[in-house]
Amino acid sequence: MAVGIVGLGYVGLPLLVAFAEAGEEVIAIDVDTAKIEAIEAGESYIEDIASERLAAVRDQVIADNHFAPLARAEAVLICVPTPLTPNREPDLGPLNAAAESVARVSSRAADRSGVDHVPGHHPGVLVPILERESGLSVGRG
Ligand SMILES: NC(=O)c1ccc[n+]([C@@H]2O[C@H](COP(=O)([O-])OP(=O)(O)OC[C@H]3O[C@@H](n4cnc5c(N)ncnc54)[C@H](O)[C@@H]3O)[C@@H](O)[C@H]2O)c1
């Protein structure tokens, strides 16, 4: 099984290492090319993650700034920023953009979706994007 992780910051990079250390193949996507290059070099940019841990799982990780490799992922975790707007509501722009990119390449994108830390946004935000972009229907494939 391959696990997809989109957004390789303070949440995504530790998840990448945790899944890889558990023996999973990880497909890691970020729009920030510098992060992709650092992962490929086995160099951590998150202080909680030692470069040695990242380097040790390097062979199990496909890192890319294109979303196409996610087509093989059986699950995708989206860990992009949700900064607060001036009205102190989460700005879902990066999440929407990432979901659209995931749905365009994934044949399983509409199976299930959730936004854990924004109560009330499941399934209203991601499901319409995933269904529209993938042509699939939640629960029916
Ligand atoms: N950092 C924490 O302690 C923490 C705790 C709980 C929840 N969260 C939530 O987790 C999410 C991620 O937070 P974080 O701290 O890891 O953010 P971060 O800013 O450290 O990392 C986000 C990454 O997403 C990438 N990104 C942005 N848009 C993208 C896109 N469209 N496609 C692909 N990659 C994209 C950025 O380049 C960046 O590397 C946020 O919603 C945040 O609110 C964070």
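Helix H2, residues 33–40, has Ile36, Ala38 and Ile39 as its buried residues. Seen down the axis of H2, these residues fall within an arc of 165 degrees, so they line one face of the helix. The model is predicted. The chain holds 141 residues, of which 36% are buried, and its secondary structure comes to five helices and four strands.

**The chain as a whole**

- From the N terminus on, the order of elements is β-α-β-α-α-β-β-α-α.
- Contacts between residues at least 6 apart in sequence include 62% that join residues at least 24 apart.
- The accessible surface of the chain is about 7700 Å², and carbon and sulfur atoms account for 50% of that surface.

- The N-terminal end of H2 is capped by aspartate 32. A side-chain oxygen of this aspartate lies 3.0 Å from the backbone nitrogen of alanine 34.

- Serine 44 is found in the loop between H2 and H3.
- A polar atom of the serine 44 side chain lies 3.0 Å from the backbone oxygen of isoleucine 46.
- The backbone oxygen of isoleucine 49 is likewise placed 2.7 Å from a polar atom of the serine 44 side chain.
- Leaving aside residues up to four places away in sequence, serine 44 touches Leu13, Ile49, Ala50, Ser51 and Leu54.

- Glycine 9 sits in the loop between strand E1 (2–6) and H1.
- Residues up to four places away in sequence not being counted, Pro14, Lys35 and Ile46 are the residues that glycine 9 touches. One of these, Lys35, falls within the residue range of H2, 33–40.
- Glycine 9 and valine 80 are 71 residues apart along the chain, and their C-alpha atoms are separated by 7.8 Å.

**Helices H4 and H5**

- Two packed helices are described by the angle between their axes and the distance between the axes.
- For H4 (residues 93–105) and H5 (residues 126–134), the angle is about 35 degrees and the axes are 8 Å apart.
- The crossing of H4 and H5 is right-handed.
- On the H4 side, the residues that meet H5 are Leu95, Asn96, Ala99, Glu100, Ala103 and Arg104.
- On the H5 side, the residues that meet H4 are Leu126, Ile129, Leu130, Arg132, Glu133 and Ser134.

**The buried face of H5**

- H5 has Leu126, Val127, Ile129 and Leu130 as its buried residues.
- Viewed along the axis of H5, the buried residues fall within an arc of 165 degrees, so they line one face of the helix.
- An α-helix has 3.6 residues a turn, so residues three or four places apart point the same way.
- The buried residues of H5 pack against H4.
- Just after H5, glycine 135 takes a positive phi of about 75 degrees.

Conventions
Residues numbered from 1 in each chain as written. Predicted model: local features only at pLDDT ≥ 70, side-chain atom pairs only at ≥ 80, totals over all residues. Heavy atoms only, no water. Buried < 20%, exposed > 50% of the residue type's maximum accessible area, 1.4 Å probe, protein only. Helix = DSSP H or I, 4+ residues; strand = E, 2+ residues; numbered from the N terminus. Arc of directions from axis to C-beta. Polar contact = N/O pair within 3.5 Å; in protein donor to acceptor, adjacent residues only side chain to side chain. Contact = heavy atoms within 4.5 Å. Areas by Shrake-Rupley, 256 points an atom, 1.4 Å probe, with all protein chains shown as cover. Axes fitted to C-alpha atoms, helices over the stretch in contact; angles between N-to-C directions. Left-handed = near helix turned anticlockwise from the far one by under 90°.
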